[in-house]
Amino acid sequence: MTAATRPSAGANEGRPTPAPAEDQAAPSAAGDGGSAETRRSARSGVAGLLGAATSGLFGFVLAVVITRGYGPAGAGAFFAAIGVVTVATAICTLGAETGLMWALPRRSAGVRGDAARVLPVALIPPLLTGLLVAGVGVLAADALAPRLLGGGSGASGEALLTVTFAAVPVVVAMTLLLATLRCVRPIRAYVGVQFLLLPVARPVLVGGAALAGGGLLAGMTGWLVPAALALLACLTLVAGPLGLGRGAALRPHRTDWSTFWRFALPRAASAAIDAGSMWVGVLLTSVLAGPADAGVFGAVGRYVLAGQLAMQGLRVAVSPQLSRLLGRGERAAAAAVHRQLTTWGLVLSWPVYLLLAVFALAFLQLFGPEFTAGVPAMTVLALAMLVNTGVGNVQSLLLMGGRSGLHLVATVAGLTMTVSLGLLLIPQHGATGAAVAWAAGIATENLTAAGFARSVVREPLFDAAMVRAAAATIAGVGLAAGAGVLVGGRGLPGLAVALAVLLTGCVGMLTLPRVRAGIRGTMRQIRGGDNAATVAEPTSASTRGR
């Protein structure tokens with residue numbers, strides 16, 4: 001561990017509250033340590049996957065509500081407004097959410113611990129930035145609305161942007177407290193807020209606004225209200241473990257500021273790029289091709305992001321664990337966790353993206369006939385996401401290893417590719433041009449990050465098991481998709497046939513002894529207990545290594 005990541009003076013004074021035993025494995029032999037860590041990652045990974053599945057389902061419901069309720073042009077304006085608040089929030093957080101995920105697992109919780117001292121360091125600069133951006137955005141809403149939401153948005157567009165910018169500080173605070181929640185509570189608390197409260201409440205409120213004829217402003221308000229509820233829930237949940245209101249020290253040391261922001265600031269730019277990856281395309285398409293094309297591209301993007309939720313669920317589940325392992329210099333165990341979860345993510349995500357590529361027409365028909373123009377865009381992006389999920393969460397390895405600068409290089413390379421090609425292709429090809437540009441950016445960022453992660457961890461990030469899983473997934477889904485196209489074409493009938501074939505094949509595989517043995521082994525890992533909070537006291541033995 002470098003000097004920047006060691007506990008500051010006074011970190012071990014008093015009697016800090018240790019993390020539960022299942023999170024505090026003592027360093028052991030490489031084999032035993034790797035096995036113990038993969039068991040922990042299995043337990044937390046399953047919780048993250050279940051939450052991500054729920055979030056994906058309701059995210060799809062939300063996309064249907066928006067596209068059906070507001071049409072292509074209205075959906076384009078709605079998605080553009082979501083893009084504004086998403087990108088603005090990512091910029092205003094200044095990388096502090098990842099900084100919290102990196103810093104808190106290396107500190108001690110409780111009244112006498114030093115974890116609470118990180119909160120003022122992490123919260124004050126982003127909140128001040130959020131207030132500044134909100135004020136400027138509200139004042140400039142009338143000038144920005146025609147450019148971002150289309151020339152016909154008028155007064156309703158100005159009001160929509162005003163509400164959107166005004167909500168930025170609330171969403172910034174929610175984002176930072178969600179990161180804190182993940183580190184100080186068992187993962188089920190994070191899942192309950194991030195993957196249940198937010199995605200379930202949004203389609204209910206947006207749908208209610210659409211049914212009541214409230215228009216885009218009422219719909220966007222329905223999208224924003226759950227963020228305020230999530231903020232209140234996070235405040236309640238993090239107070240106890242950190243000792244807030246019970247005498248925990250909140251005054252940071254001078255070294256706390258320098259240590260935290262030395263890591264977080266390089267992450268600030270890459271966080272904005274990561275969070276705004278799709279929304280940059282939506283905004284570019286809205287400006288260069290019009291709100292209707294932006295609505296089509298936004299609908300396609302919702303499917304693409306829904307397929308990525310498995311990787312997101314795995315990432316948030318194990319990021320604190322990776323921070324702890326890499327902080328101790330246990331690279332072999334960290335690489336073992338990465339390989340296991342990459343294999344899981346590949347098996348769960350690739351079938352989704354392969355089906356999206358083959359049956360893009362069927363999926364887009366669910367939004368309405370106006371959105372079927374996005375079929376080429378859907379196919380291109382679905383294939384690009386095979387690269388994204390195939391390399392795994394290499395970005396998390398870089399960030400939790402303290403190498404936010406390398407992560408920034410990878411994200412800037414991806415953004416440069418996306419924007420350059422977008423400016424060239426979108427005016428002539430609309431949503432399809434935006435998809436090609438984003439696909440090139442996805443491939444560039446992920447392959448660059450994978451190379452950096454391998455050089456940092458210095459352990460194999462891929463193995464034969466991952467290759468076998470990829471081959472089996474492509475073969476199985478390919479056969480099912482081929483049967484569906486032959487019988488019912490690329491529309492909804494063909495998709496139904498493919499899903500039926502896949503289901504039959506999965507049931508048949510359960511009769512194989514080897515498959516049943518693998519499932520039993522995974523269940524033994526999961527039953528080991530919940531992956532609880534990972535804020536703990538670093539020991540002297542754990543500060544050696546990187």
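Leaving aside neighbours within four places in sequence, which residues is Gly 99 in contact with? In this predicted model, the partners are Phe 260 and Phe 263. Gly 99 lies in helix α2, which covers residues 96-103. Its relative accessibility is 0%, so Gly 99 counts as buried. The C-alpha atom of Gly 99 is also separated by 8.9 Å from that of Ala 179, a residue 80 positions away along the chain.

Besides Gly 99, the buried set includes Glu 97, Thr 98 and Trp 102. Ala 96, Leu 100, Met 101 and Ala 103 are buried as well.

The overall fold is helical. The chain holds 20 helices and 0 strands. Of its 546 residues, 55% count as buried. Among contacts with a separation of 6 or more, 84% join residues 24 or more positions apart.

Two loop residues have positive phi values. Leu 94 sits in the loop between α1 (30-92) and α2. Its phi is about 60°, although Leu 94 is not a glycine. Leu 94 has a relative accessible area of 18%, which is under the 20% cut-off, so it is buried. Arg 458 follows α17 and belongs to the loop between α17 and α18 (464-488). The phi of Arg 458 is near 55°, again a positive value in a residue other than glycine. Arg 458, however, counts as exposed, at 53% relative accessibility.

A straight helix of 54 residues would span 80 Å at 1.5 Å a residue, whereas the end C-alpha atoms of α17 are only 14 Å apart. A bend of about 155° is located at His 429.

Helix packing was examined next. Two packed helices are described by the angle between their axes and the distance between the axes. Helices α15 (residues 375-390) and α17 (residues 404-457) pack at about 5°, with axes 8 Å apart. That angle makes α15 roughly parallel to α17. On the α15 side, the contact is made by Pro 376, Ala 377, Val 380, Leu 381, Ala 384, Met 385, Val 387 and Asn 388. The α17 side contributes residues including Ala 431, Thr 432, Trp 438, Ile 442, Asn 446 and Leu 447. By class, this contact comprises 15 nonpolar residues, 3 polar residues and no charged ones.

Helix α15 also packs against α13. The two axes come within 9 Å and cross at roughly 170°. The crossing angle makes α13 roughly antiparallel to α15. From α13, the residues taking part include Thr 342, Leu 346, Trp 350 and Tyr 353. They belong to a contact whose α15 members include Met 378, Ala 382, Leu 383 and Leu 386. The contact of α13 with α15 has 11 nonpolar and 5 polar residues, and no charged residues. Met 385 of α15 takes part in the contact with α13 and in the contact with α17.

Helix α13 (residues 331-358) also carries His 338. At 5% relative accessibility, His 338 counts as buried. Leaving aside neighbours within four places in sequence, His 338 is in contact with Val 391, Gly 392, Asn 393, Val 394, Leu 397 and Leu 461.

Key:
Residues are numbered from 1 along each chain as its sequence is written. This is a predicted model: local features need pLDDT of at least 70, side-chain atom pairs count only at pLDDT 80 or more; totals for chains, interfaces and linings use all residues. Side-chain values use heavy atoms; hydrogens and water are left out. Axes are lines fitted to C-alpha atoms, for helices over the stretch in contact, and angles run from 0 to 180 degrees between N-to-C directions. Helices (H or I, at least four residues) and strands (E, at least two) are DSSP runs, numbered from the N terminus. Angles under 35 degrees count as roughly parallel, over 145 as roughly antiparallel, 65 to 115 as roughly perpendicular and the rest as oblique. Contact means heavy atoms within 4.5 Å. Ala, Val, Leu, Ile, Met, Phe, Trp, Tyr, Cys and Pro count as nonpolar, Asp, Glu, Lys and Arg as charged, and the others, Gly among them, as polar. Buried means under 20% relative accessible area, exposed over 50%, partly exposed in between (1.4 Å probe, protein chains only). The expected span of a helix is 1.5 Å times one less than its number of residues. The bend at a residue is the angle between axes fitted to the seven residues ending there and the seven starting there.
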